[in-house]
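Here's a quick tour for anyone meeting this structure for the first time. Have a look at it, then read on.

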Amino acid sequence: MVKKGKKVRYELDTGEVESLSSEEIKTVLRGADELIMRGGGALLSKILAGSKDKKLLELGLDDSPVYGAFKGTTQKDILAKIDWMIINHYLAIEYDYRTPLLVFTKKGWEIEKETFANELLEQFIEAAKNSYFEFVDELKDRNRELIFLLLDKIAESKNKELILILKAWKEIEYKKVKTKIQEVIEKLENDQNTKKITRKDVEIISFVARKKWMSIPAEFRKKIERNVWCSSCSDVVQIKDYSVKESGEEIVLHGSCKICGHTVVRVVD
Ligand SMILES: [Zn+2]
């Protein structure tokens, strides 16, 4: 029983655990990221164990990239690893009134920031490849240090194919981040050693048009995709690999015929 006004004591016990590999340290920190000031060691151990716990599923914590990373390890051993992380100052406990919650120490955050920024960079590159520019919405309101580190990594990548999605991102950001994004765009544009982006690429993809397109319910979008005229097939066909462009008030899909590969265009009004 917890007496009124008394803090829940958090007892640290590293059990048999003598040390953690750097991979394990990164894993525990990545799991903790989802519950900083939201949960304690018990919940973290359930994420790492891949538990089907009701509270965990309600909070969507099974979406964590390290969900189930320590599957097969006993709950007791996972808790010992977490306690080892606290004793070695990667994580700390802070009290929200009486409840002990996990927080990053400076040392822990430095490692986690790096892991998370690399993960976001991969997702960013993937989103750019698929013209999935809505991804930038997920970057807004995130920790600023993390976002600046991500932007440094984008600049280092020298990947000019990231310029368009950066421009889309810039549209929705606050001043400081906007300025930094612009710097990265200029760096990528001015780098002579990187692959040149064609003018065609710039013209075709319009973030605004894509947003408009995505605002149409999926079932209608599917109908439109399957109702495109192909002059080569002389038939109504399905459009594939298309991009979305704005033309006045209308949006236009530019792609190819699913049957013969011929270029097809569909105006959506
Ligand atoms: Zn065709």
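Which residues coordinate the zinc ion? Cys-230, Cys-233, Cys-257 and Cys-260 do, each through its SG atom, at 2.2 to 2.4 Å. Donors here are N, O and S atoms within 2.8 Å of the metal (3.2 Å for Na, K and Ca), and water is not among the atoms, so sites may look incomplete.

This is a predicted model, where local features need pLDDT of at least 70 and side-chain atom pairs count only at pLDDT 80 or more, while totals for chains, interfaces and linings use all residues. Residues are numbered from 1 along each chain as its sequence is written, and side-chain values use heavy atoms, with hydrogens and water left out.

Back to the zinc ion: the angles among its four donor atoms run from 104 to 115°, making the site tetrahedral (four donors with all angles between 85 and 135 degrees). Along the sequence, the donor residues follow the spacing C-x2-C-x23-C-x2-C. Cys-233 sits in the loop between β3 and β4, and Cys-260 in the loop between β6 and β7, so the pair ties together parts 27 residues apart in sequence. Helices (H or I, at least four residues) and strands (E, at least two) are DSSP runs, numbered from the N terminus.

Both of these cysteines count as partly exposed, meaning between buried (under 20% relative accessible area) and exposed (over 50%), with a 1.4 Å probe and protein chains only.

| Residue | Relative accessibility |
|---|---|
| Cys-233 | 28% |
| Cys-260 | 39% |

Now for helix α5, residues 106-129. Its buried residues include Trp-109, Phe-116 and Phe-124. Just after α5, Ser-131 takes a positive phi of about 50°.

Terms used
Four donors count as tetrahedral if all angles lie between 85 and 135 degrees; four count as square planar and six as octahedral if opposite donors are over 155 degrees apart and all others between 65 and 115; anything else is irregular.
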